[in-house]
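User: I would like to learn how to read a model like this one, feature by feature, starting from the overall fold and working down to single residues. Could you take me through it?

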Amino acid sequence: MTNTLSLISIEGTVETAPVLTHDNLVEFTVSDDTLRQFAVRLPRTELGSHVTPGVRVVVTGAEGWVIPGRAWRDEPSRTIVQAHDVQLRDLAFAA
């Protein structure tokens, strides 16, 4: 049996401030233009100080499981993205 990783690139707005998890990762939510939400995770050492709520970013990484939303809190489901690259939208075009 082989496992296949699905690599994705999303462009969207950071919705939540990065939070440090117990396994030394940071996690924050990004919404794309269709309002689909992603739980972006990456190593703490890879996070730049530019990732704050409201900024536009381009995230590239491996798509993972879906975290189910809680309807009673009007919370949408979020797809986990194990990111290997997070760039400000303006900087991505400058490259």
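User: Which elements have the lowest and the highest mean pLDDT?

Analyst: The general idea is that where pLDDT is low, the predicted coordinates should not be read in detail. Here the mean pLDDT of the chain is 84, and 87% of its residues reach 70 or more. Among the elements, helix 1 (residues 89-94) has the lowest mean, 54, while strand 3 has the highest, 93.

User: How many bridges join strand 3 to strand 4, and in which sense do the two strands pair?

Analyst: Strand 3 and strand 4 pair in the antiparallel sense over 7 bridges, with Glu 27 standing opposite Arg 41 in strand 4. The hairpin that these two strands form has 4 residues between the strands, and in it Leu 35 takes a positive phi near 70°. Strand 3 also pairs with strand 1, again antiparallel, through 3 bridges, and there Gly 12 stands opposite Asp 32 of strand 3. With strand 2 the pairing is antiparallel over 2 bridges, and Val 19 stands opposite Glu 27.

User: Why is strand 3 described as largely enclosed by the rest of the structure?

Analyst: The description rests on burial, that is, on a relative accessible area under 20%: 7 of the 8 residues of strand 3 are buried, so the strand is largely enclosed by the rest of the structure.

User: Which residues touch the most other members of the largest nonpolar core?

Analyst: In soluble globular proteins, nonpolar side chains tend to be buried together. In this model the largest nonpolar core holds 15 residues, of which Phe 28, Val 30, Val 40, Leu 42, Val 59 and Val 86 touch the most other members. The elements that give two or more residues to this core are strand 1 (6-14), strand 3, strand 4 (37-43), strand 5 (56-67) and strand 6. As an example, Leu 42 touches Leu 25, Val 26, Phe 28, Leu 47, Gln 82, Ala 83 and Val 86, when residues up to four places away in sequence are not counted.

User: Where does Asn 24 lie, and is it buried, partly exposed or exposed?

Analyst: Asn 24 lies in the loop between strand 2 (19-20) and strand 3 (25-32), and because its relative accessibility is 39%, it counts as partly exposed. In the hairpin of those strands, which has 4 residues between them, Asn 24 takes a positive phi near 60°. Beyond its neighbours within four places in sequence, Asn 24 is in contact with Pro 43 and Arg 44, and a polar contact of 3.1 Å joins the side chains of Asn 24 and Arg 44. Asn 24 and Leu 42 are 18 residues apart in sequence, yet 8.8 Å apart in space, C-alpha to C-alpha.

User: Is Thr 79 buried or exposed, and which residues is it in contact with?

Analyst: Thr 79, found in strand 6 (residues 78-88), is buried, with a relative accessible area of 4%. Leaving aside neighbours within four places in sequence, Thr 79 is in contact with Arg 36, Gln 37, Phe 38, Ala 39, Glu 63, Gly 64, Trp 65 and Val 66.

Terms used. Residues numbered from 1 in each chain as written. Predicted model: local features only at pLDDT ≥ 70, side-chain atom pairs only at ≥ 80, totals over all residues. Heavy atoms only, no water. Buried < 20%, exposed > 50% of the residue type's maximum accessible area, 1.4 Å probe, protein only. Contact = heavy atoms within 4.5 Å. Polar contact = N/O pair within 3.5 Å; in protein donor to acceptor, adjacent residues only side chain to side chain. pLDDT = per-residue confidence, 0-100. Core = buried A, V, L, I, M, F, W, Y, C linked by side-chain atoms within 4.5 Å. Pairing = 2+ DSSP bridges.
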